[in-house]
Amino acid sequence: MRVYYDQDADLNLIKEKKVAIIGYGSQGRAHALNLKDSGVKEVAVALRAGSSSAKKTEAYDFTVKSVAEAAGWANLMMVATPDELQADIYKEHIAPNIRDGAVLAFAHGLSIHFGLIEPKSTVDMIMIAPKGPGHTVRSEYVRGGGMPKLVAVAQDASGNAHDIAIAYAASLGADRAGIIEITFREECETDLFGEQAVLCGGLVELIRASFETLVEAGYAPEMAFFECQHEMKLIVDLIYEGGIANINYSISNTAEWGEYKSGPRVIGDESKAAMKKVLKEIQFGQFTSEWMQECKAGQAHFKATRRNNDTHQIEQVGEKLRGMMPWIKQGALVDKSKN
């Protein structure tokens, strides 16, 4: 695995291009703003007709184009829309209009790795995948830092796709933290696994289950919230700063002994077996197939699950307690009116 830094990137490869960012969600907004601040003169945002995101671009003077128009105008397009929309967007709006010699870029490898999109042979196909949410990609850049990015080349029609991918990643600030060269497969499968087993699946269910265990045992929901969710940030910050060993350096001996005694009982052999099953479902395309079927059916189960989770007691308690700590909102990464 090779890692690149600022001395390895030629930003002029990006500055001279007409770049279209397709979508203006968390990642799309971060990419557009970071590119602009890195000196890319021509950055446009491509949105569907009537998109509510168009208003959010006004404060930054981005030109807004339709996806079809952007495909004919740009010589580099970053697809930053939800995975489930990408195949249709490509087929209907990009494929008929994209220039020969253009660069088609993705922020995640799913659509390419699982064959949902098969671009024509006359374009470069690259990936620049930030290792974190778009809001953090932007906030790290603004404060002078950076977030590591994964880059990959699936198709090199120009002979220069690799260097363009490195330059694009650097323009997002990744050259400050490290640009890691991998494959679409590696990024896609490990990313899906990390999300499901730990970051968005395992962690969230662990928080909810521990909260419910305390409340069902008669403890105040407020105390359960503080113990099982609020303090999570303190632990994660320690891990981010210095690894798991940094936790044990910082916590009490009692807490450390509890980690050794009870951690493997909560997350033990049964959990690891489940993780292995999750990984196989990802590797063999079962997860992607089921997700695409859910989307084609209108996402009824997905949306119902989201509604149920959003009304969970921990959300209600958390909203009340966060309201008593205004500094959290003042430093929030997410402002839904702007991003």
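1. Lys320 is partly exposed, with a relative accessible area of 46%; here buried means under 20%, exposed over 50%, and partly exposed in between (1.4 Å probe, protein chains only).

2. The model is predicted: local features need pLDDT of at least 70, side-chain atom pairs count only at pLDDT 80 or more, and totals for chains, interfaces and linings use all residues. Residues are numbered from 1 along each chain as its sequence is written, and side-chain values use heavy atoms, with hydrogens and water left out.

3. Glu222 and Lys320 form a salt bridge, their closest N and O atoms being 2.8 Å apart. A salt bridge is a side-chain nitrogen of Lys or Arg within 4 Å of a carboxyl oxygen of Asp or Glu. Glu222 lies in helix α11 (residues 221–230) and Lys320 in helix α18 (residues 313–322), so the pair ties together parts 98 residues apart in sequence. Helices are DSSP runs of H or I with at least four residues, numbered from the N terminus.

4. The whole structure has 9 salt bridges. Among them is Glu140 with Arg143, at 2.9 Å from N to O; Glu140 is buried at 11%, whereas Arg143 is exposed at 59%. Another joins Glu69 to Lys65 at 3.8 Å, with Glu69 partly exposed at 45% and Lys65 buried at 13%.

5. There are 0 disulfides, a disulfide being a pair of cysteine sulfur atoms within 2.5 Å. The sulfur of Cys188 is too far for a bond, because the closest cysteine sulfur, in Cys200, is 14 Å away. Cys188 is buried, with a relative accessible area of 0%. Cys228 is in no disulfide either, the nearest cysteine sulfur, that of Cys200, being 19 Å away.

Terms used
Helices (H or I, at least four residues) and strands (E, at least two) are DSSP runs, numbered from the N terminus.
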